[in-house]
Amino acid sequence: MSHAIRADKFLLDADRTTWHDETLWFVREKRDRAAYGVPEFQELRELASGIKNHTLSRLDLYLQEFEAAAQANGVHVHWAADAAEHNAIILDIIQQQGATRIVKSKSMLTEECHLNPYLIKHGIEVVDTDLGERIIQFRDEPPSHIVLPAIHLKKEDVGDTFHTHLGTEKGESDPQRLTEAARQHLRGKFIAGEVAISGVNFAIAETGGVVVCTNEGNADLGVNLAAVHIACMGIEKIIPRLTDLGVFTRLLARSATGQPVTTYTSHFTKPVAGKEMHIVIVDNGRTQQLGRPDFRASLKCIRCGACMNTCPVYRRSGGHSYDFTVPGPIGAILSPNIDMKKHASLPFASTLCGSCTDVCPVKIDIHTQLYKWRQVLGEANEIPAAKKWSMKFMGRVLASTRVYGLGGQFARKALRLLPHGLTHAPSMNAWAVARELPEAPRQSFREWYAKQPQPATQLPNPKVPA
Amino acid sequence: MKVALFVPCYIDQFYPQVGIATLQLLEKLGVQAHFPAQQTCCGQPLANSGCERDALPIYKHFVDTFSDYDYVVAPSGSCVYHVRKHFDKLDQTADVQHVRGAAYDLIDFISTVLKVESLPGAFPHKVGLHLSCHGQRGLHQANESEMTPVRDGQLSRLLRSLDGLELTQLNRNDECCGFGGTFCVSEAGISARMGQDRVADHVRNGTQVLTGSDMSCLMHLEGIVRRARLPIKVMHAAEILNGVVA
Amino acid sequence: MSTASRDRILDAARANKPAELPLPTVPDFGGEATIERFTTVLAGIGGTVVRMSGLAELVPTLQQLFPEARATASPLFAASVPINAQTPTGILAAIDLAVLPGEIGVAENGAVWLPEANMMNRALPTITQHLALVLDQRRIVATMHQAYAQLPNTGGYGKFVAGPSKTADIEQSLVIGAHGARSLVVLLY
């Protein structure tokens, strides 16, 4: 199923589409104000991009430096080539503990690897502790946004879900009271948690430590109450030095939500005495992306979600329309690397307006990569055949002046003479579902121009009014 | 100064008055532009659809058509952006490099090359400016809300110089209209919704005349305006400027 | 643990990485390191600054701010519950107020660096219902660059805390007090 078809379903509820668009635009506006407030914001983006580019150019070396430093800190380091290995490693650690109750803070990587269903299948209780993630876990839905996982839901939806799962009063939809109910519910889960899984925002090669950024404090609470901490990271999370965080922590929350920084910027470096810390380093297609020069910059992503909030398509089609763990513009350039056939429509789910590129805190050329993925998909015959052949035909027509002129005359004449009901039939003309076609003029510009008296010579120099 | 006029295919066929206004406006500013009749298209519709390879003969035809001119001026920033950015797929011969550098959006040409910042004339209407993404973010013809709270740009400066003209303050200064080339049919639902939202912003804030320097966005927005029978007139900026300058 | 995967990942990264690019030098950027800015920014993210003329004012200030706090924990005064790294979760979960020394305040974002050595127990700063951080006003810096430049290391665990725990996961409505401390006050002296 293509993005367009899923988007059309989302659009059926026009009021909800308006609400979704306005809610995310509000986040984009908060981001703008935060960015305007830092005079060196554009310079920081350039630095962040430079640090990430440098890191990717020495990725193997930094990974080894990180591993050695982490091991020296008493941390167990694991390597997973793909999602299956990642899941197996985590299950193994859990089973060695004889644990069954897991708390997990937000990690897009574990979503990407479909860890939850895997663990549940093996008899492990996994509780997502980020409020948004807990809401969608109750509803058995994937996240629709990487920072705001339940942004597709209204407070009434959350109220219904909590009524079913947490016994809140029917019809209760006050965010304050719903959040309090989740707090009480999750406190119990935190206290009972035997193993805590977290994602990683940054992994520092120099110190072997990992940094986790949250607003709720759920990562800190889960990790510090459990006997074992498992931190899961993609290979691209590496940064060279502790001081590089000055750049990234200034950009991340401002770009994501417009906050000056996340409430908690937590550095987990060594396990406390008597406890264990594990880090799972995952490839799952990332080294392949590193090998694609046109697309490797996508690995700079720090998962702020700014490209989603600004994307006019995402705001009106919802995260689920992308059918990929990471939706929106960044998801549309990451997903074809994972499964080109399945995600072939995503690079076309964009007007190439470029706003994503301009908000990206690490300056990923997102819209250019969308354009380049289109070419890769076109060459691989992963675009609809009708489109492919009509483009081939157009190519011939537009490379020839004569054929082009005749075709244009014909089209205009047809448009003028055929009845409106035919030219605007929705079944034949997707344009005309919501738009009028241009009124066809009697003569084209070139026909008009040919009738004009031609100037004998070019004027030598322009006269510019003072 | 040898200036060629590039009239993109859809303007040639559907909006000849925009090509005419462009030609006449340039003439009033002292530039006699020539329209090489063998021109066709910049190839963008194919390339944006993932068929860049099929567009290469069009690119070559474009370069052959315009390589003898100092400037190639078009009333469409999107086509110009395509020539500048994506003709990198051709062998970078001297001609190709020249044409890529010589391609100008009309308003950019007036502002940057002719260095005209204001025009004499009156247009006593409330005018809503639609910034095309390729003109704004691609060719940097206007400030971007992603970067700065300062709203400024080549066309808004020219329009503000006209007597009686009031520019509409939009809620969203530079959101995409949703045209997006073939996107407008391949993602027709989202495209239309974006256009409707863009038009609604203009209606809400009192736009009487909706303008811009990219006819492709305007074709899409005009289609929405006409379908909804809204009291908004859609005009390319060349039409407004040509109409007021004596 | 699979060393085969380790080798495969590192080999692929080596083979696929681009030619080496330089590591940029990050300038200091300067900026305003004032109490006023720190106070305004912290208020903007739901925290509070209370000025004290010295540490002698700590206990009376706390009594005024938290008259109902029964179970308190702090290394700075004789609090009601003794806490160490081995304190069981049940006791930690009953703490009303933790009062801990912060090390560095960041004016641009209201964050305070809290190292493990100052936490009594790693879980305490998040599990407590209310958190008060005591900070020497001379330790306020302008930006995160300056804060990281001053950190000798991050110890086993440490964190920047910027305001109370919060969430906006339901319809983007800001709610203070998600899972961590419901309120955060910085006591500046």
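This is a predicted model: local features need pLDDT of at least 70, side-chain atom pairs count only at pLDDT 80 or more; totals for chains, interfaces and linings use all residues.
Local features are reported where pLDDT is at least 70, and side-chain atom pairs count only at pLDDT 80 or more, whereas totals for chains, interfaces and linings use all residues. Residues are numbered from 1 along each chain as its sequence is written, and chains are lettered from A and ligands numbered from 1 in the order in which they are written.

Chain A touches both of the other chains described here. Between chains A and B, 63 residues of chain A are in contact with 69 residues of chain B, where a contact requires that the C-beta atoms of two residues, placed from the backbone, lie within 7 Å. By class, the residues of chain A that touch chain B comprise 35 nonpolar, 15 polar and 13 charged; Ala, Val, Leu, Ile, Met, Phe, Trp, Tyr, Cys and Pro count as nonpolar, Asp, Glu, Lys and Arg as charged, and the others, Gly among them, as polar.

Toward chain C, 74 residues of chain A are in contact with 64 residues of chain C. Here the chain A side holds 33 nonpolar, 28 polar and 13 charged residues. Strand β9 (residues 264-268) of chain A is joined to strand β8 (residues 157-161) of chain C by 5 bridges, and the two run antiparallel. Within this pair, F268(A) stands opposite Y157(C). In chain C, strand β4 (residues 104-106) runs parallel to β7(C), with 2 bridges between them, and V106(C) has V141(C) of β7(C) as its bridge partner. Angles run from 0 to 180 degrees between N-to-C directions, and axes are lines fitted to C-alpha atoms, for helices over the stretch in contact.

Chain C has 6 helices and 11 strands, and its C-alpha trace spans about 65 × 40 × 40 Å along its principal axes. Of its 189 residues, 50% count as buried, that is, with 20 or more other C-beta atoms within 10 Å of their own, C-beta atoms being placed from the backbone. Among contacts in chain C between residues at least 6 apart in sequence, 73% join residues at least 24 apart. An unreviewed UniProt entry lists residues 95-188 of chain C as "domain: LUD"; such annotations may be inferred rather than shown by experiment. Over this range the chain is 12% helix and 38% strand, and the end C-alpha atoms are 23 Å apart.

Two helix pairs were examined within chain A. Helix α16 (residues 328-338) packs against α18(A) at an angle of about 35 degrees, with axes 9 Å apart. The crossing of α16(A) and α18(A) is left-handed, meaning that the near helix is turned anticlockwise from the far one by less than a right angle. Residues P329(A), I330(A), A332(A), I333(A) and P336(A) of α16(A) meet I366(A), Q369(A), L370(A), W373(A) and L377(A) of α18(A). This contact has 9 nonpolar residues, 1 polar and no charged. Helices α9 (residues 155-166) and α10 (residues 175-192) of chain A pack at about 35 degrees with their axes 10 Å apart, and α9(A) likewise passes α10(A) in a left-handed crossing.

In chain B, 4 strands form an open parallel sheet in the order β2-β1-β3-β4. Its edge strands are β2 (33-34) and β4 (103-105), each of which pairs on one side only.

Technical notes: A residue is buried if 20 or more other C-beta atoms lie within 10 Å of its own, exposed if 12 or fewer, and partly exposed in between; C-beta atoms are placed from the backbone. Two strands pair if DSSP finds at least two bridges between them.
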